[in-house]
Amino acid sequence: MNSVNRETDDEVIVVGGGVVGLTTAVVLAEAGRRVQVWTREPAERTTSAVAGGLWWPYRIEPERLVGDWALETLAVYEELAKRPEETGVRLVDGVHQGARLDELGGWAARVPGLRAVPDGVAARLPVIDMPTHLAWLRERLVKAGGTVSLREVADLADVPADVVVNCAGLGARSLTGDTTLRPVRGQLVLVENPGIGTYYTSVDHASPVAAYFIPQPYGLVLGGTAQEGDWSLEPDPATAEEIIARCARVRPEIAGARVLGHKVGLRPYRDVVRLERQPLPGGRTVVHSYGHGGAGVTVAWGCAREAAGLVPGTSG
């Protein structure tokens with residue numbers, strides 16, 4: 001493992017081309033590092049592309065760190081929302097039914113406009129059109145001198161760079177042998193939007209099912225499920241019908257909306273996000289950033305900047 005042929009002594013290779021990997025690569029490239037992203041699949045086929053895209057800390061720990069990562073990311077999205085067609089980020093009003101301000105943690109007090117309403121909490125929050133946003137991130141990376149390559153990695157020790165950043169999502173399980181990393185399966189239904197302009201969520205974190213809908217430029221995203229340990233990527237027709245029915249109980253017009261498609265993504269969940277530096281043989285370094293659960297979009301910029309700060313010779 002010590003005889004790896006490095007591509008350059010100062011190059012950083014980011015493994016993983018989802019939202020966490022691409023955002024981390026952008027931060028590194030704009031800090032002056034030579035960056036390559038190695039990804040098994042193009043961004044549009046990653047779990048990130050399946051995400052509903054609403055900024056909100058969901059199924060991610062530890063709370064004491066998540067709040068700062070999420071708030072840092074929120075500030076970036078608020079700026080990006082000034083150019084929605086370009087970045088894919090818009091600010092949308094909506095309600096988190098059943099949520100209580102006093103149960104959300106300290107971060108909630110720092111979210112602009114987040115307030116209690118009779119049935120939960122409401123706020124104008126970023127909604128990210130993930131296909132557009134991922135393409136924008138890739139373009140921003142290229143403009144900063146970075147590259148994206150379709151390359152599969154079997155062993156982090158064989159990646160030819162002095163610094164490797166592991167943003168492989170659920171793929172980090174096999175790359176690191178980390179069996180605490182596990183899938184939380186999310187199934188979504190995409191329907192023609194019957195005129196709904198606000199988001200809605202009703203989520204019990206202890207339940208494998210939820211009701212939420214998020215308006216996107218390409219349709220209304222209906223959810224969802226949170227099935228821990230389920231590796232299936234095949235949409236289940238019965239589950240899809242249940243998702244539509246749950247959402248239609250909130251907005252009856254959803255029941256008659258034309259179905260445009262079905263999506264399944266496997267959230268990479270870990271009891272605690274792994275964001276740390278680890279030495280490799282031969283004086284090399286790997287920085288791990290994985291296990292973001294259902295909130296990779298929500299914490300992407302905060303985690304990217306912290307990860308970049310762990311890369312030797314880089315200020316995040």
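## A cis proline in a loop

Pro62 sits in the loop that links helix H2 (47-50) to helix H3 (63-80); helices here are DSSP runs of H or I with at least four residues, strands are E runs of at least two, and both are numbered from the N terminus. The peptide bond running from Glu61 to Pro62 is cis, with omega near 5°. Bear in mind that this is a predicted model: local features need pLDDT of at least 70, side-chain atom pairs count only at pLDDT 80 or more, and totals for chains, interfaces and linings use all residues. Residues are numbered from 1 along each chain as its sequence is written, and side-chain values use heavy atoms, with hydrogens and water left out.

Arg59 is in the loop between H2 and H3 too. Its phi is near 50°, a positive value in a residue other than glycine. Arg59 counts as buried at 13% relative accessibility (buried is under 20% relative accessible area, exposed is over 50%, partly exposed is in between, using a 1.4 Å probe and protein chains only).

## A cis bond between glycines

There's another cis peptide bond from Gly223 to Gly224, with omega near -5°. Gly224 belongs to strand S11 (residues 219-225).

## How H1 packs

Take helix H1 (residues 19-30) and helix H5 (residues 130-143): their axes come within 9 Å and cross at roughly 25°. Axes are lines fitted to C-alpha atoms, for helices over the stretch in contact, and angles run from 0 to 180 degrees between N-to-C directions. That angle makes H1 roughly parallel to H5 (under 35 degrees is roughly parallel, over 145 roughly antiparallel, 65 to 115 roughly perpendicular, and the rest oblique). The crossing of H1 and H5 is left-handed, meaning the near helix is turned anticlockwise from the far one by less than a right angle, with clockwise being right-handed. On the H1 side the contact includes Val19, Leu22 and Ala29, and on the H5 side Met130, Leu134 and Leu141 are among the partners; contact means heavy atoms within 4.5 Å. The residues of this contact split into 9 nonpolar, 2 polar and 3 charged (Ala, Val, Leu, Ile, Met, Phe, Trp, Tyr, Cys and Pro count as nonpolar, Asp, Glu, Lys and Arg as charged, and the others, Gly among them, as polar).

Now for H8. The axes of H1 and H8 come within 8 Å and cross at roughly 40°, so the two helices are oblique to each other. H1 passes H8 in a right-handed crossing. Among the residues that meet are Val20, Thr24 and Leu28 from H1, and Val297, Trp301 and Ala308 from H8. The residues of the contact of H1 with H8 divide into 11 nonpolar, 3 polar and 1 charged.

Leaving out residues up to four places away in sequence, Gly293 touches Arg59, Arg267, Pro268 and Tyr269.

Ala172, in helix H6 (residues 172-176), is buried with a relative accessible area of 0%. Outside four places in sequence, Ala172 touches Asn166, Gly177, Leu181 and Tyr290. Over in strand S2 (residues 34-39), Gln36 is buried at 8% relative accessible area.
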